[in-house]
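Please keep the sequence and the 3D view at hand while reading.

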Amino acid sequence: MKKLLFILLLIPVLVFSQKEVIINIKTDTYPSETKWVLYDSIYQGDTLHHVPYGYYTQNNTMHSDTVYIPDSITNISFVIFDSYGDGIVNGEYYVMICGDTVVDYPVSTFTNGLIHNRTVPQCLSNPPPGICVPSILNI
């Protein structure tokens with residue numbers, strides 16, 4: 001009975017294990033022109049997360065967005081867009097997964113958009129926010 005209860009407590013962690021993804025973007029003078037999409041595997045695959053045009057409102061500011069992807073994801077495609085077509089003038093962006101930088105773009109010299117296909121690094125899985133596994137269990 002004790003083993004069964006312990007296993008049942010671990011099921012949410014095993015089923016919902018996730019990897020932390022941090023997207024850092026330094027906007028330019030027109031932050032509302034910037035949006036990004038994180039796809040599973042390839043460009044225009046299943047959308048994992050996104051930020052629409054108009055989400056960023058503070059100009060010339062480093063923004064940090066944290067999202068979580070399923071542990072089973074092995075490849076991602078990070079796509080950044082600029083609605084005006086001049087990129088992020090004097091801006092930059094970085095994408096980290098479990099602390100490893102997978103996209104490093106310190107000079108944003110693209111025009112309408114740029115696609116980055118990357119392999120997701122192996123890392124310790126994180127439980128999703130809000131799930132707490134007790135460290136001491138009285139049975």
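Helices (H or I, at least four residues) and strands (E, at least two) are DSSP runs, numbered from the N terminus. What follows concerns a predicted model, in which local features need pLDDT of at least 70 and side-chain atom pairs count only at pLDDT 80 or more, while totals for chains, interfaces and linings use all residues. Residues are numbered from 1 along each chain as its sequence is written, and side-chain values use heavy atoms, with hydrogens and water left out.

**Loop residues with positive phi**

- Glutamine 44, found in the loop between β2 and β3 (47-51), has a positive phi of about 70 degrees although it is not a glycine.
- With a relative accessible area of 58%, glutamine 44 is exposed; here buried means under 20% relative accessible area, exposed over 50%, and partly exposed in between, using a 1.4 Å probe and protein chains only.
- Asparagine 60, in the loop between β3 and β4, is likewise not a glycine and has a positive phi of about 50 degrees, and its relative accessible area of 44% makes it partly exposed.

**The nonpolar core**

- A nonpolar core is a set of buried Ala, Val, Leu, Ile, Met, Phe, Trp, Tyr and Cys residues joined through side-chain atoms within 4.5 Å.
- The largest such core has 21 residues, and those with the most contacts inside it are Trp36 and Phe78.
- Two or more residues of this core come from each of β1 (18-26), β2 (34-40), β4 (62-70), β5 (75-82), β6 (92-97) and β7 (100-105).
- Leaving aside residues up to four places away in sequence, phenylalanine 78 touches several residues, among them Ile23, Trp36, Tyr93 and Leu114, where contact means heavy atoms within 4.5 Å.

**Aromatic rings**

- Rings of Phe, Tyr and Trp (its six-membered ring) pair if their centres lie within 6.5 Å, and planes under 30 degrees apart count as stacked, over 60 as edge-to-face and the rest as tilted.
- A search of the whole structure finds 6 aromatic pairs.
- The rings of tyrosine 93 and phenylalanine 110 have centres 6.3 Å apart and planes at 80 degrees, so this pair is edge-to-face.
- Because tyrosine 93 lies in strand β6 and phenylalanine 110 in the loop between β7 and β8 (113-119), the pair ties together parts that are 17 residues apart in sequence.
- Tyrosine 93 is buried at 0% relative accessibility, and phenylalanine 110 is buried at 6%.
- Ring pairs also link Trp36, Phe78, Tyr93, Tyr105 and Phe110 into a cluster.

**The disulfide**

- The structure holds 1 disulfide, a term that stands for a pair of cysteine sulfur atoms within 2.5 Å.
- Cysteine 98 and cysteine 123 form this disulfide, with their sulfur atoms 2.1 Å apart.
- The pair links distant parts of the chain, since cysteine 98 is in the loop between β6 and β7 and cysteine 123 in the segment after β8, 25 residues apart.

**The salt bridge**

- The structure holds 1 salt bridge, meaning a side-chain nitrogen of Lys or Arg within 4 Å of a carboxyl oxygen of Asp or Glu.
- Aspartate 71 forms a salt bridge with lysine 19, and the closest N and O atoms are 3.7 Å apart.
- Aspartate 71 lies in the loop between β4 and β5 and lysine 19 in strand β1, so the pair ties together parts that are 52 residues apart in sequence.
- Aspartate 71 is partly exposed, with a relative accessible area of 30%, whereas lysine 19 is buried, with a relative accessible area of 1%.
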